[in-house]
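This report is an introduction for a reader who has not seen the structure before.

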Amino acid sequence: MLYLLLYPLRFEFSSFNVFQYITFRTIMAALTAMAISFLLGPRTIEWLRRLKYGQVIREEGPKAHFAKKNTPTMGGVLILFSIVISTLLWADITNRLVLYTVALTVSYGAIGFLDDYLKIKKKSSEGLAGRKKLALGFLFAGLLGGALYWEAHQAAPIYNLKLTIPFLKTYAPDLGWFYIPFAMLVIAGASNAVNLTDGLDGLATGNVIITAGTYLIFAYVAGHVVIARYLNIYYLPASGELAVFCAALMGAGIGFLWFNSYPAQVFMGDVGSLSLGGAIGAVAIMVKQEIVLVLVGGVFVVEALSVMLQVFSFKTFGKRIFRMSPIHHHFELLGWPETKIVVRFWIIGLILALVALSTLKLR
(Lines give C-alpha, C1' and ligand atoms only; values in the text may rest on other atoms or scores of the structure.)
Protein backbone atom coordinates (compact mmCIF):
# COMPACT_ATOMS: atom_id res chain seq x y z
CA MET A 1 0.00 0.00 0.00
CA LEU A 2 2.77 2.45 0.96
CA TYR A 3 4.67 1.26 -2.11
CA LEU A 4 1.77 2.19 -4.39
CA LEU A 5 1.10 5.49 -2.59
CA LEU A 6 4.61 6.79 -2.09
CA TYR A 7 6.79 5.36 -4.85
CA PRO A 8 5.01 7.36 -7.60
CA LEU A 9 6.05 10.53 -5.69
CA ARG A 10 9.73 9.82 -6.32
CA PHE A 11 9.86 12.41 -9.10
CA GLU A 12 8.86 15.17 -6.66
CA PHE A 13 10.65 13.76 -3.61
CA SER A 14 13.74 11.74 -4.51
CA SER A 15 13.85 10.11 -1.07
CA PHE A 16 10.75 8.09 -1.99
CA ASN A 17 12.85 6.28 -4.59
CA VAL A 18 13.92 3.96 -1.76
CA PHE A 19 10.51 2.25 -1.99
CA GLN A 20 11.53 0.54 -5.22
CA TYR A 21 14.02 -1.64 -3.31
CA ILE A 22 12.68 -4.92 -1.99
CA THR A 23 15.50 -5.01 0.56
CA PHE A 24 14.30 -1.75 2.15
CA ARG A 25 10.67 -2.83 2.22
CA THR A 26 11.66 -6.24 3.59
CA ILE A 27 13.44 -4.67 6.56
CA MET A 28 10.54 -2.29 7.18
CA ALA A 29 8.01 -5.12 6.99
CA ALA A 30 9.88 -7.07 9.66
CA LEU A 31 10.18 -4.03 11.92
CA THR A 32 6.52 -3.11 11.44
CA ALA A 33 5.31 -6.61 12.27
CA MET A 34 7.52 -6.68 15.36
CA ALA A 35 6.26 -3.28 16.48
CA ILE A 36 2.62 -4.33 16.09
CA SER A 37 3.26 -7.51 18.08
CA PHE A 38 5.12 -5.69 20.87
CA LEU A 39 2.51 -2.93 21.13
CA LEU A 40 -0.61 -5.07 20.91
CA GLY A 41 0.74 -8.16 22.69
CA PRO A 42 -0.13 -7.16 26.28
CA ARG A 43 -3.59 -5.92 25.25
CA THR A 44 -4.26 -9.10 23.26
CA ILE A 45 -3.25 -11.29 26.20
CA GLU A 46 -5.47 -9.33 28.57
CA TRP A 47 -8.36 -9.47 26.07
CA LEU A 48 -8.04 -13.26 25.74
CA ARG A 49 -7.82 -13.58 29.51
CA ARG A 50 -11.04 -11.59 29.99
CA LEU A 51 -12.78 -13.77 27.43
CA LYS A 52 -11.50 -16.79 29.39
CA TYR A 53 -9.92 -18.25 26.26
CA GLY A 54 -7.59 -20.46 28.26
CA GLN A 55 -5.55 -23.39 27.02
CA VAL A 56 -7.11 -26.83 27.43
CA ILE A 57 -4.51 -29.42 28.51
CA ARG A 58 -4.53 -33.02 27.26
CA GLU A 59 -5.28 -35.41 30.14
CA GLU A 60 -2.72 -37.91 28.85
CA GLY A 61 -0.02 -35.26 28.40
CA PRO A 62 3.04 -34.66 30.60
CA LYS A 63 1.95 -33.75 34.14
CA ALA A 64 4.13 -30.62 34.14
CA HIS A 65 1.78 -29.13 31.51
CA PHE A 66 -1.13 -28.92 33.94
CA ALA A 67 0.51 -25.82 35.40
CA LYS A 68 -0.15 -24.16 32.02
CA LYS A 69 -3.88 -24.68 32.25
CA ASN A 70 -5.91 -21.54 31.50
CA THR A 71 -2.93 -19.72 29.97
CA PRO A 72 -4.54 -17.55 27.25
CA THR A 73 -4.56 -19.22 23.85
CA MET A 74 -5.54 -18.11 20.33
CA GLY A 75 -2.62 -15.64 20.39
CA GLY A 76 -2.22 -16.52 16.73
CA VAL A 77 -4.74 -13.76 15.97
CA LEU A 78 -1.99 -11.31 16.93
CA ILE A 79 0.48 -13.03 14.61
CA LEU A 80 -2.01 -13.04 11.75
CA PHE A 81 -2.90 -9.38 12.25
CA SER A 82 0.77 -8.38 12.34
CA ILE A 83 1.59 -10.34 9.18
CA VAL A 84 -1.37 -9.09 7.15
CA ILE A 85 -1.06 -5.41 8.10
CA SER A 86 2.72 -5.36 7.60
CA THR A 87 2.48 -7.14 4.24
CA LEU A 88 -0.28 -4.86 2.97
CA LEU A 89 1.72 -1.81 4.02
CA TRP A 90 5.08 -2.72 2.51
CA ALA A 91 4.52 -5.23 -0.31
CA ASP A 92 3.31 -4.49 -3.81
CA ILE A 93 -0.33 -5.48 -3.33
CA THR A 94 -0.87 -5.70 -7.09
CA ASN A 95 1.42 -8.75 -7.03
CA ARG A 96 -0.89 -11.75 -7.31
CA LEU A 97 1.53 -14.18 -5.65
CA VAL A 98 1.51 -11.99 -2.55
CA LEU A 99 -2.30 -11.80 -2.56
CA TYR A 100 -2.60 -15.58 -3.00
CA THR A 101 -0.25 -16.18 -0.08
CA VAL A 102 -2.03 -13.75 2.23
CA ALA A 103 -5.41 -15.25 1.30
CA LEU A 104 -4.18 -18.79 1.98
CA THR A 105 -2.69 -17.75 5.32
CA VAL A 106 -5.91 -16.06 6.46
CA SER A 107 -7.98 -19.05 5.27
CA TYR A 108 -5.92 -21.49 7.32
CA GLY A 109 -6.14 -19.07 10.23
CA ALA A 110 -9.94 -19.26 9.98
CA ILE A 111 -9.79 -23.06 10.20
CA GLY A 112 -7.59 -22.80 13.28
CA PHE A 113 -9.82 -20.16 14.85
CA LEU A 114 -12.85 -22.44 14.49
CA ASP A 115 -10.89 -25.36 15.97
CA ASP A 116 -9.70 -23.28 18.93
CA TYR A 117 -13.16 -21.85 19.56
CA LEU A 118 -14.74 -25.31 19.67
CA LYS A 119 -12.07 -26.55 22.09
CA ILE A 120 -12.73 -23.66 24.43
CA LYS A 121 -16.51 -24.00 24.13
CA LYS A 122 -16.38 -27.74 24.84
CA LYS A 123 -13.60 -27.32 27.45
CA SER A 124 -11.88 -30.23 25.73
CA SER A 125 -8.72 -30.82 23.71
CA GLU A 126 -10.98 -32.06 20.90
CA GLY A 127 -12.12 -29.23 18.66
CA LEU A 128 -13.02 -29.41 14.99
CA ALA A 129 -13.10 -33.02 13.82
CA GLY A 130 -9.80 -34.06 12.28
CA ARG A 131 -11.36 -35.09 8.97
CA LYS A 132 -13.20 -31.79 8.63
CA LYS A 133 -10.07 -29.83 9.48
CA LEU A 134 -8.04 -31.78 6.94
CA ALA A 135 -10.76 -31.47 4.29
CA LEU A 136 -10.91 -27.69 4.69
CA GLY A 137 -7.13 -27.49 4.54
CA PHE A 138 -7.03 -29.48 1.31
CA LEU A 139 -9.83 -27.34 -0.12
CA PHE A 140 -8.02 -24.03 0.40
CA ALA A 141 -4.70 -25.52 -0.74
CA GLY A 142 -6.44 -26.89 -3.84
CA LEU A 143 -7.82 -23.44 -4.65
CA LEU A 144 -4.32 -22.02 -4.46
CA GLY A 145 -2.96 -24.86 -6.61
CA GLY A 146 -5.69 -24.17 -9.16
CA ALA A 147 -4.85 -20.46 -9.19
CA LEU A 148 -1.17 -21.22 -9.83
CA TYR A 149 -2.10 -23.69 -12.58
CA TRP A 150 -4.13 -20.89 -14.19
CA GLU A 151 -1.24 -18.44 -13.81
CA ALA A 152 1.11 -20.86 -15.57
CA HIS A 153 -1.16 -20.96 -18.61
CA GLN A 154 -1.55 -17.22 -19.15
CA ALA A 155 -0.12 -15.42 -22.17
CA ALA A 156 2.43 -13.78 -19.86
CA PRO A 157 2.85 -16.38 -17.10
CA ILE A 158 4.27 -15.35 -13.74
CA TYR A 159 4.61 -18.97 -12.66
CA ASN A 160 5.53 -22.41 -14.00
CA LEU A 161 4.61 -25.94 -13.02
CA LYS A 162 8.12 -27.40 -13.01
CA LEU A 163 9.45 -29.13 -9.92
CA THR A 164 12.90 -28.08 -8.72
CA ILE A 165 15.01 -30.97 -7.42
CA PRO A 166 17.74 -30.04 -4.91
CA PHE A 167 21.33 -30.62 -6.06
CA LEU A 168 20.20 -31.30 -9.66
CA LYS A 169 20.95 -28.59 -12.20
CA THR A 170 18.96 -29.57 -15.26
CA TYR A 171 16.32 -32.09 -14.20
CA ALA A 172 13.04 -30.29 -13.48
CA PRO A 173 9.94 -32.27 -14.51
CA ASP A 174 6.82 -30.36 -15.52
CA LEU A 175 4.00 -31.71 -13.34
CA GLY A 176 1.18 -30.20 -15.41
CA TRP A 177 -2.25 -30.60 -13.78
CA PHE A 178 -0.69 -32.91 -11.15
CA TYR A 179 0.81 -29.78 -9.63
CA ILE A 180 -2.56 -29.04 -8.01
CA PRO A 181 -2.67 -32.17 -5.78
CA PHE A 182 1.06 -31.78 -5.19
CA ALA A 183 0.51 -28.24 -3.88
CA MET A 184 -2.33 -29.51 -1.71
CA LEU A 185 -0.04 -32.11 -0.15
CA VAL A 186 2.80 -29.65 0.50
CA ILE A 187 0.64 -26.93 2.03
CA ALA A 188 -1.65 -29.14 4.12
CA GLY A 189 1.33 -31.24 5.24
CA ALA A 190 3.32 -28.17 6.32
CA SER A 191 0.34 -26.75 8.18
CA ASN A 192 -0.33 -29.91 10.16
CA ALA A 193 3.38 -30.46 10.88
CA VAL A 194 3.70 -27.00 12.45
CA ASN A 195 0.48 -27.65 14.37
CA LEU A 196 1.95 -30.85 15.86
CA THR A 197 5.18 -29.05 16.77
CA ASP A 198 3.35 -26.40 18.78
CA GLY A 199 3.50 -28.20 22.11
CA LEU A 200 6.21 -26.42 24.12
CA ASP A 201 6.72 -22.75 24.90
CA GLY A 202 8.37 -21.11 21.88
CA LEU A 203 9.17 -24.37 20.08
CA ALA A 204 7.05 -23.87 16.96
CA THR A 205 7.47 -20.08 16.98
CA GLY A 206 11.26 -20.22 16.94
CA ASN A 207 11.42 -22.75 14.14
CA VAL A 208 8.86 -20.82 12.10
CA ILE A 209 11.10 -17.75 12.38
CA ILE A 210 14.09 -19.76 11.12
CA THR A 211 12.09 -21.26 8.25
CA ALA A 212 10.62 -17.89 7.25
CA GLY A 213 14.10 -16.35 7.24
CA THR A 214 15.37 -19.10 4.97
CA TYR A 215 12.52 -18.68 2.51
CA LEU A 216 13.01 -14.92 2.57
CA ILE A 217 16.41 -15.58 1.00
CA PHE A 218 14.94 -18.08 -1.48
CA ALA A 219 12.25 -15.58 -2.51
CA TYR A 220 14.69 -12.73 -2.98
CA VAL A 221 17.09 -14.86 -5.01
CA ALA A 222 14.34 -16.23 -7.27
CA GLY A 223 13.13 -12.70 -7.95
CA HIS A 224 16.56 -11.24 -8.74
CA VAL A 225 17.47 -11.83 -12.38
CA VAL A 226 21.25 -11.60 -11.95
CA ILE A 227 21.50 -13.82 -8.86
CA ALA A 228 18.99 -16.33 -10.23
CA ARG A 229 20.94 -16.76 -13.45
CA TYR A 230 24.23 -17.01 -11.58
CA LEU A 231 22.85 -19.76 -9.33
CA ASN A 232 21.07 -21.40 -12.26
CA ILE A 233 17.64 -21.37 -10.63
CA TYR A 234 14.29 -20.35 -12.10
CA TYR A 235 13.88 -16.60 -12.34
CA LEU A 236 10.39 -15.68 -11.17
CA PRO A 237 10.11 -11.87 -11.12
CA ALA A 238 6.88 -11.87 -9.11
CA SER A 239 8.35 -14.03 -6.34
CA GLY A 240 10.70 -11.31 -5.12
CA GLU A 241 7.83 -9.55 -3.34
CA LEU A 242 7.32 -12.66 -1.23
CA ALA A 243 10.52 -11.68 0.60
CA VAL A 244 8.45 -8.87 2.11
CA PHE A 245 5.81 -11.37 3.24
CA CYS A 246 8.47 -13.65 4.75
CA ALA A 247 9.97 -10.68 6.59
CA ALA A 248 6.54 -9.84 8.00
CA LEU A 249 6.21 -13.47 9.08
CA MET A 250 9.60 -13.33 10.78
CA GLY A 251 8.85 -10.03 12.49
CA ALA A 252 5.46 -11.21 13.74
CA GLY A 253 7.07 -14.42 15.02
CA ILE A 254 9.83 -12.57 16.87
CA GLY A 255 7.31 -10.19 18.43
CA PHE A 256 5.10 -13.07 19.49
CA LEU A 257 8.07 -15.04 20.87
CA TRP A 258 8.59 -12.22 23.38
CA PHE A 259 5.36 -13.36 25.05
CA ASN A 260 5.45 -17.03 24.02
CA SER A 261 8.91 -17.88 25.38
CA TYR A 262 9.14 -19.91 28.60
CA PRO A 263 7.13 -19.48 30.72
CA ALA A 264 4.60 -18.56 28.05
CA GLN A 265 2.15 -15.73 28.73
CA VAL A 266 0.11 -16.78 25.70
CA PHE A 267 -0.11 -19.68 23.25
CA MET A 268 -0.67 -19.25 19.54
CA GLY A 269 -3.34 -21.97 19.33
CA ASP A 270 -4.37 -23.60 16.09
CA VAL A 271 -5.28 -20.21 14.63
CA GLY A 272 -1.56 -19.51 14.73
CA SER A 273 0.04 -22.88 14.02
CA LEU A 274 -2.22 -23.84 11.11
CA SER A 275 -1.91 -20.44 9.44
CA LEU A 276 1.87 -20.25 9.90
CA GLY A 277 2.36 -23.75 8.54
CA GLY A 278 0.09 -22.99 5.60
CA ALA A 279 2.00 -19.77 4.91
CA ILE A 280 5.33 -21.60 4.88
CA GLY A 281 3.96 -24.28 2.55
CA ALA A 282 2.51 -21.64 0.22
CA VAL A 283 5.77 -19.69 0.02
CA ALA A 284 7.72 -22.91 -0.66
CA ILE A 285 5.40 -23.56 -3.59
CA MET A 286 5.58 -19.98 -4.89
CA VAL A 287 9.38 -19.76 -4.99
CA LYS A 288 9.85 -23.25 -6.49
CA GLN A 289 11.61 -24.67 -3.43
CA GLU A 290 8.98 -27.22 -2.50
CA ILE A 291 11.15 -30.28 -1.87
CA VAL A 292 13.71 -28.25 0.08
CA LEU A 293 10.95 -27.61 2.63
CA VAL A 294 11.54 -31.14 3.92
CA LEU A 295 15.05 -30.00 4.85
CA VAL A 296 14.33 -26.42 5.95
CA GLY A 297 11.41 -27.56 8.07
CA GLY A 298 13.15 -30.75 9.17
CA VAL A 299 12.08 -30.25 12.80
CA PHE A 300 8.43 -30.06 11.71
CA VAL A 301 8.87 -33.15 9.53
CA VAL A 302 10.37 -35.20 12.36
CA GLU A 303 7.58 -34.11 14.72
CA ALA A 304 4.93 -35.23 12.24
CA LEU A 305 6.74 -38.49 11.44
CA SER A 306 7.02 -39.32 15.14
CA VAL A 307 3.23 -39.16 15.44
CA MET A 308 2.66 -41.31 12.34
CA LEU A 309 5.22 -43.91 13.43
CA GLN A 310 3.76 -44.03 16.94
CA VAL A 311 0.24 -44.59 15.62
CA PHE A 312 1.38 -47.20 13.10
CA SER A 313 3.45 -49.13 15.65
CA PHE A 314 0.73 -49.12 18.29
CA LYS A 315 -2.05 -50.16 15.91
CA THR A 316 0.07 -52.81 14.16
CA PHE A 317 2.18 -54.25 16.98
CA GLY A 318 0.52 -52.89 20.11
CA LYS A 319 3.77 -51.21 21.12
CA ARG A 320 4.89 -47.60 21.33
CA ILE A 321 8.16 -46.42 19.79
CA PHE A 322 8.27 -43.26 21.88
CA ARG A 323 7.14 -42.65 25.43
CA MET A 324 4.80 -40.10 23.94
CA SER A 325 4.38 -38.32 20.61
CA PRO A 326 5.05 -35.82 19.15
CA ILE A 327 8.69 -36.45 19.84
CA HIS A 328 9.26 -33.34 22.00
CA HIS A 329 7.04 -34.97 24.64
CA HIS A 330 9.23 -38.07 24.49
CA PHE A 331 12.23 -36.00 25.58
CA GLU A 332 10.14 -34.35 28.29
CA LEU A 333 9.29 -37.76 29.75
CA LEU A 334 12.99 -38.66 29.60
CA GLY A 335 13.57 -35.82 32.03
CA TRP A 336 14.85 -33.08 29.71
CA PRO A 337 13.88 -29.57 30.87
CA GLU A 338 11.43 -27.86 28.52
CA THR A 339 13.78 -24.97 27.77
CA LYS A 340 16.61 -27.35 26.83
CA ILE A 341 14.36 -29.22 24.36
CA VAL A 342 13.19 -25.98 22.77
CA VAL A 343 16.65 -24.44 22.36
CA ARG A 344 18.15 -27.68 21.00
CA PHE A 345 15.33 -28.00 18.48
CA TRP A 346 15.99 -24.40 17.43
CA ILE A 347 19.68 -25.23 16.94
CA ILE A 348 18.79 -28.26 14.82
CA GLY A 349 16.39 -26.11 12.79
CA LEU A 350 19.10 -23.51 12.18
CA ILE A 351 21.60 -26.17 11.07
CA LEU A 352 19.06 -27.64 8.64
CA ALA A 353 18.28 -24.17 7.28
CA LEU A 354 21.97 -23.56 6.53
CA VAL A 355 22.23 -26.93 4.78
CA ALA A 356 19.12 -26.07 2.75
CA LEU A 357 20.64 -22.74 1.66
CA SER A 358 23.70 -24.63 0.43
CA THR A 359 21.49 -26.29 -2.20
CA LEU A 360 21.42 -22.95 -4.04
CA LYS A 361 25.08 -23.37 -4.90
CA LEU A 362 25.57 -27.13 -4.81
CA ARG A 363 23.94 -28.05 -8.12
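## A buried charged pair

Lys288 has a relative accessibility of 2%, so it counts as buried (under 20% relative accessible area; exposed is over 50% and partly exposed lies in between, with a 1.4 Å probe and protein chains only). Its salt-bridge partner is Glu290, with the closest N and O atoms 3.3 Å apart; a salt bridge here is a side-chain nitrogen of Lys or Arg within 4 Å of a carboxyl oxygen of Asp or Glu. Glu290 is also buried, at 3% relative accessibility.

The model is predicted: local features need pLDDT of at least 70, side-chain atom pairs count only at pLDDT 80 or more, and totals for chains, interfaces and linings use all residues. Residues are numbered from 1 along each chain as its sequence is written, and side-chain values use heavy atoms, leaving out hydrogens and water.

## Other salt bridges

The whole structure contains eight salt bridges. One of them joins Asp270 to Lys119, with 3.3 Å between the closest N and O atoms. This pair links distant parts of the chain, since Asp270 lies in helix H10 (residues 269-286) and Lys119 in helix H4 (residues 96-122), 151 residues apart. Both residues, Asp270 and Lys119, are buried.

Glu46 and Arg49 form another salt bridge, at 3.4 Å between the closest N and O atoms. They are three residues apart in helix H2 (residues 22-50), which means about one helical turn separates them. Glu46 is partly exposed at 34% relative accessible area, and Arg49 is partly exposed at 44%.

## Overall fold

The protein has 14 helices and zero strands; helices (H or I, at least four residues) and strands (E, at least two) are DSSP runs numbered from the N terminus. The C-alpha trace spans about 60 × 45 × 35 Å along its principal axes. Of the 363 residues, 53% count as buried.

## Nonpolar cores

A nonpolar core is a set of buried Ala, Val, Leu, Ile, Met, Phe, Trp, Tyr and Cys residues joined through side-chain atoms within 4.5 Å. The largest has 84 residues, and Leu144, Leu148, Tyr179, Tyr215, Leu249 and Ile285 touch the most other members. Helix H9 (residues 242-260) supplies the largest share of this core, eleven residues. A second, separate core has nine residues, including Val299, Phe322, Ile327 and Phe331.
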